Structure formats: structure tokens, C-alpha cells
Amino acid sequence: MNSPDEYQSAPGATPYDNFTAGKKDSDGRAIKTVIGRHRQFIVYITEENYVAWNYDQLPARLRPAITELQQLNGIAKSNLGSKSRPQVAALLGAALYAALLSPEGENPLSHFQSARNFIYSKCTRIARLSYELFSLFFGCIVIAIAFYLYKYLGTSLDFRTALLVGTAGGAIGSIVSIFQRGRNLKIDPFDSWIILGLQGLTRVALGAIFGMLLVVASKANIALGHFSAEPWALFGLSVGAGFTERWIPELLGAHSGTIQPGSERE
């Protein structure tokens, strides 16, 4: 690497002119792309798709930009796959270069908004997909067990087999509900797989329970009693019970002439 004194003799030259694609930086990392260079600093992307920078004397007002870069880099590395890394690096590199160029009085963090939105959006989509797949997995297990027991106990619609019909229908309804409302699900993009799995299991379990409650209400002639001897009718109604969480409380509340607490529509 040439010394800074050599560059001072050439008009417009900077100490970072020899940082070019294909060469290595002072830490031995191969440079893939140079985002921008200045007489005091340079921002570039390494072959590993990480944003690197070098600044002669970083002003205190620009240090939050480096912290933001490190935080977003960490989030992307922990939550996003390798296919997203080039795009993340390009966004973060451009944001960092613009932030380091920001004048006095300007918030350098404002330049990271696009990169932050992209990373958070990607993480949210991955979390939603994981939640949906966990729900589908647990739902399929519940449905398989219910139908196996249904065949084992016999297909006559006694109370036990009716409960299994309601369980399977409620689980199916909960899965349909999750996938139908997938884009609007409120998911923390940084929840662990364990948390997402528990959320999916809880939603499927609630659907199965609501399906069972509908069968109980029908068999006890509390509500929809005229369907109690019809397996397909109970199955279809159980799917609806699993799909709509409020339906069973409202159904029971309407039968008793009151609305159950917490069952009002928002």
C-alpha cells in the first residue's frame, strides 16, 4: 500500500485509490466492489458480501452510523439466508457511504431507512412462513391422529367419534385461517423458531378445542342440535369453528341470551 504522502503529490488523489475490485485490503479481505471513496474514508464490499470501511479519524457525530451498520449486519446475518446477503450489502454500503458524507446537523441514521425496511421486511416474511409451516405441521399431526382413532373406534357416530370429527375439523379450520390471513399476521420478525413453533401449536390446539366444543354443544342440544347425527355437517361446522375464534363464544352467548366477555367483534 502506498503511503499518504505519495498521494498528496497528485491532484485529486486519495490514500484509498489503490482499493480496487480484486485487490485485498489491509486485513487481507478481497474487495468485491468499492461503494465510494473520499480523501478521508472509503466504503467497500468484500467478496464475502460484508460492508467494510476505513476512516482516517472518524468524527464522534458519525459513530452512530457505524453502530447502526453493525446492528443491521448482525440482524441480517442471524435471520436472512446467503441469497439475500448481496442485496443487503449493497443497501448497507450505500447507506453507510451517504451517512459518512452527511454534513453537520444532519442525522446520519436517516440514510439507513431503506436498508432497515428491507431487512425487517425480509425477516418478517421468513417469520410468517415459519409460523405457517409449523402450524401446518402440527395441524397435520392432529388430523392424522384424529382420523386414525376415528377408524380404530369405528365409523358409527357416537360421542367419542363425534369429538374426533370435531377435533379434525377444528384443526383444519385453524390451518386455513392461518394461511388465509398470512399477510396480516402480527409476527415478531426476531422470534426464535421455538417461539414460532409454540405459537403455531397453540393456534392449532385452539382450533381443535373449538371444534370439539361445537360437537359438545350440538350433542348436548345447546346449539345446532339438529346436526348432531350428521358427521359431515359436524365436520363442516367444526372447520368453521376452527377458522373463526369468536364463533363458538358468540354462538353460546346467543343461545343463552348474553354475549360472553371478550367475544365482541372489534
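**Starting in the sheet**

Select phenylalanine 41 to begin: across from it in β3 stands tyrosine 55. Before you go on, note that this is a predicted model, where local features need pLDDT of at least 70 and side-chain atom pairs count only at pLDDT 80 or more, while totals for chains, interfaces and linings use all residues. Numbering starts from 1 along each chain as its sequence is written, and side-chain values use heavy atoms, with hydrogens and water left out.

Strand and helix labels here are DSSP runs numbered from the N terminus (helices are H or I, at least four residues; strands are E, at least two). Two strands count as paired if DSSP finds at least two bridges between them.

Now colour strand β2, residues 41-46. 6 of its 6 residues are buried, so β2 is largely enclosed by the rest of the structure. Buried means under 20% relative accessible area, exposed over 50%, and partly exposed in between, using a 1.4 Å probe and protein chains only.

Click arginine 37 and you'll find isoleucine 42 of β2 opposite.

Then show β3, residues 51-55, also antiparallel to β2, over 5 bridges. Isoleucine 42 turns up again here, opposite asparagine 54.

What is the phi of asparagine 49? It is positive, about 65°, although this residue is not a glycine. Most residues other than glycine have a negative phi. You'll find asparagine 49 in the loop between β2 and β3, a hairpin with 4 residues between the strands. Asparagine 49 is buried, with a relative accessible area of 14%.

**Into the core**

Next, select Leu92, Leu96, Leu100, Phe112 and Ile119: these have the most contacts inside the largest nonpolar core, which has 26 residues. Such a core is a set of buried Ala, Val, Leu, Ile, Met, Phe, Trp, Tyr and Cys residues joined through side-chain atoms within 4.5 Å. β2, β3, α2 (63-79), α3 (85-101) and α4 (113-153) each supply at least two of its residues, and α3 gives the most, with 8.

Centre on leucine 100. Not counting residues up to four places away in sequence, leucine 100 touches Phe41, Val43, Tyr55, Leu58, Leu62 and Ile66, where contact means heavy atoms within 4.5 Å.

Last stop: apart from this core lies another, of 15 residues, including Ala162, Phe210, Leu214 and Leu224.
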